[in-house]
Amino acid sequence: MTMPPPELTEPGPAAPPPGPAPLRLPVAVALAVAAGAALLLALPPYDLWWLAPIGVALLAAAVHRRRLRAGFGLGLLAGVVLFYPLLEWTRIAAGWLPWALLSSAEAVVVGLAGLASAWLSPLIDRRRALWPLLTGVLWVADEALRDRAPFGGFPWGRLAFSQGDAPTLRLAAWGGAPLVTFAVAAAGGALVALAWRDGRRPALLPAAGFAATAAVLIGAPAAIPLSAPGGPAYTVAIVQGNVPRLGLDFNAQRRAVLDNHVTATRQLAADVTAGRQPKPDLVVWPENSSDIDPLRNQDAADEISAAAREIGVPILVGTVLRTDNPGDIKNAGLLWMPVTGPDLTQAYIKQHPVPFAEYMPLRPVARLVTDKVDLVRNMLAGDHAGVIDTGALTIGDVICFEVAYDGIVRDTVRKGAQVLTVQTNNATFDEGEARQQLAMVRLRAVEHGLDSLMVSTVGVSAFVDTSGGVHGATGFNTAGVVVHEMAAGGTRTLATRSGIWPEATAVGLAVIALVGAVPLRRRRVIDSIGGDEIVEER
C-alpha cells in the first residue's frame, strides 16, 4: 500500500470560523417596518413617546451585521414607513410629487443611518457596551444632516420632537434637541443590546447593566430642575381668526382672513372694556393674518389701525410684503402701534423660506417636470434675528417652520428675546401638522427657559411654559382668542449658552467611531476569506 505524502496527512491550520450571523432577512425587513411605524406613532398627533427608543432599537437590530447595501435598504424602508405618513399633510397644499420627493429625501438620510449602523457592527460585536453610545451619536449625526441638506434641510420627525410628554424633554435645557435625541437613541441602543442573543445563554450582569442604562436615560431627566423665568409678567393675547375654508385657495380670500382677525381683536377690546378679559400688553396675530400688504394697501392699513386703536396696545401682525419686483415677496412679522401705525424698525422678515413652497430652487429644471412651479413666487429671506421691542417686553419672533431649526431659535434668544412667539399658518395643512409644530414649541420653551406661544390662523394656537406645559390650546379650524400671562425671561440655560457644541460633539464622536471601525472591518474581510455568505464588504 502506498501511503500519501506526509504533508497531506498532517493537520493544517484550522479554517477561520464563520462570522457572526445577522438576523434572517425576512425578520430584519419586518423589524425595519416596525421601526418606522414605532417612530411614527411616537410623534404627534399620536404622541406615544415611549415608542421612540423601541423604534430605534428595532432598526438597530435589523441592520446589525448586515452588508452595507442591506443596512441602507433597511434604513430606507424604515424611513419610508415613517415619513410618508408623517408628511402626508404636504400633499394637501403641494400635491403628490413634492410630498413624494420630500418624504423620499428624508427616508434616504435614515437609510444612511442604517448603513452607518451596519458599518459599526464589528465594533459593537467587540465592545457590546458601546452600543448605546454609538446608537446615540449616529442618530444625532443623522438628524444634523437632515436639518441642513438638501436646500437648507427639513428637521421634521426628529426624535427630540416626540418627547413632549416624556421625562427626557427636560434634557433640552442642558443640550437642546440634540441631547434629547441622543438620550432617546442611546436608550434604544441599550434596549437592543439587552435583547440581542447570539445563541448563548444571556449574561445576567450585562443584561442588567443595559436595562439600567435604558431606564436611566429615559427616566432620570425627570429629576432635572427647571427654573421659571424671573422677570415680570405680561398679559399677551393671541388671536386665531380662522379662514373661510381650508385649502390652498385661502389666499384668494385674503380680505376675509384679515377681517376675521380685525373682528376678533375688536371683540377682545369690547371684552376688556366690559371687564370680561384683562387688558393685554400685546396682541399677536398669526402668519398670513394680513395677506394684503398693509404698507401698500390703505384699506388694509386702516383696518389694522382701527383694531390697534380699539385694543390700545401694539399688535404683531403676520403679513406678506410686496416689493418693487412683482415676483418677489417677504414673509414678515410687523409691529403695529395703536397710535402711530406700523413701526418699520420693529419688523422681522422670515430668514428660512421653505424650498418648493415659498421659493423654487432650480426653477428652470423644475419647469421641465411641471409648469405649476411658476405658481410659487420668490420669497426673499431676511438677514437678522426676529428680536422685536414692543415697548412692554422684547419678543423673539420666528415664523412657521423656522421653529424646527435649532440655530434660528437660538440666535433669536441670544440676541435678547424675553419670550418666544411663533407665528404660523396651518390653513393649507391639517391638525396633525399643527400638533407636530406645537411639539417643537414645547421643546424650545424648555431648551431656552422662555415662556412661548404659537399662534395660527386656524389652529392649533397655545401658550407654553418653561416646563413644556401647554395652556389655552385652541381647536383646529375654529376662531378663538386666548389671553394668558407670560413671564419675561432673563437668565440663559446651559443649552442656550453651549450653542452648537452638544451636536458638534456627537457628530465628531460618530465620525471617530466610523473611522475606528475600518481596521475591524478589514480584519473581518481577511478572516472571512473562504468563509460563508456573510462576508462583509471591503
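Before the first stop, here is what a patch is: patches consist of residues with over 30% relative accessible area and no salt bridge, where like charges are joined within 9 Å and nonpolar side chains (Val, Leu, Ile, Met, Phe, Trp, Tyr) within 5 Å. A salt bridge, in turn, is a side-chain nitrogen of Lys or Arg within 4 Å of a carboxyl oxygen of Asp or Glu. Accessible areas come from the Shrake-Rupley method with a 1.4 Å probe, and for residues only the protein chains shown count as cover.

You're looking at a predicted model, in which local features need pLDDT of at least 70, side-chain atom pairs count only at pLDDT 80 or more, and totals for chains, interfaces and linings use all residues. Residues are numbered from 1 along each chain as its sequence is written, and side-chain values use heavy atoms, leaving out hydrogens and water.

**Stop one: a surface patch.** Select Leu 41, Tyr 46, Leu 48, Trp 50 and Ile 54. Together they make a nonpolar patch on the surface, with about 430 Å² of accessible area. Ile 54 sits in helix α3, residues 51–63 (helices are DSSP runs of H or I with at least four residues, strands are runs of E with at least two, and both are numbered from the N terminus).

**Stop two: Gln 240.** Now jump to Gln 240 in strand β1, residues 233–240. Gln 240 counts as buried because its relative accessibility is 1%. Show its side chain and you'll find that it reaches the backbone oxygen of Thr 478 at 2.7 Å. Gln 240 also touches residues including His 261, Ser 456 and Gly 480, leaving aside those up to four places away in sequence; contact means heavy atoms within 4.5 Å.

**Stop three: helix α12.** Select residues 298–311: these 14 residues are α12, reaching 20 Å from first C-alpha to last, close to the 20 Å expected at 1.5 Å a residue. That expected span is 1.5 Å times one less than the number of residues. Among the buried residues of α12 are Ala 300, Ile 304 and Ile 311, and their cover includes α11 (254–273) and β3 (315–322).

**Last stop: zoom out.** The whole chain has 18 helices and 13 strands. Of its 538 residues, 54% count as buried.

Definitions and conventions: Buried < 20%, exposed > 50% of the residue type's maximum accessible area, 1.4 Å probe, protein only. Polar contact = N/O pair within 3.5 Å; in protein donor to acceptor, adjacent residues only side chain to side chain.
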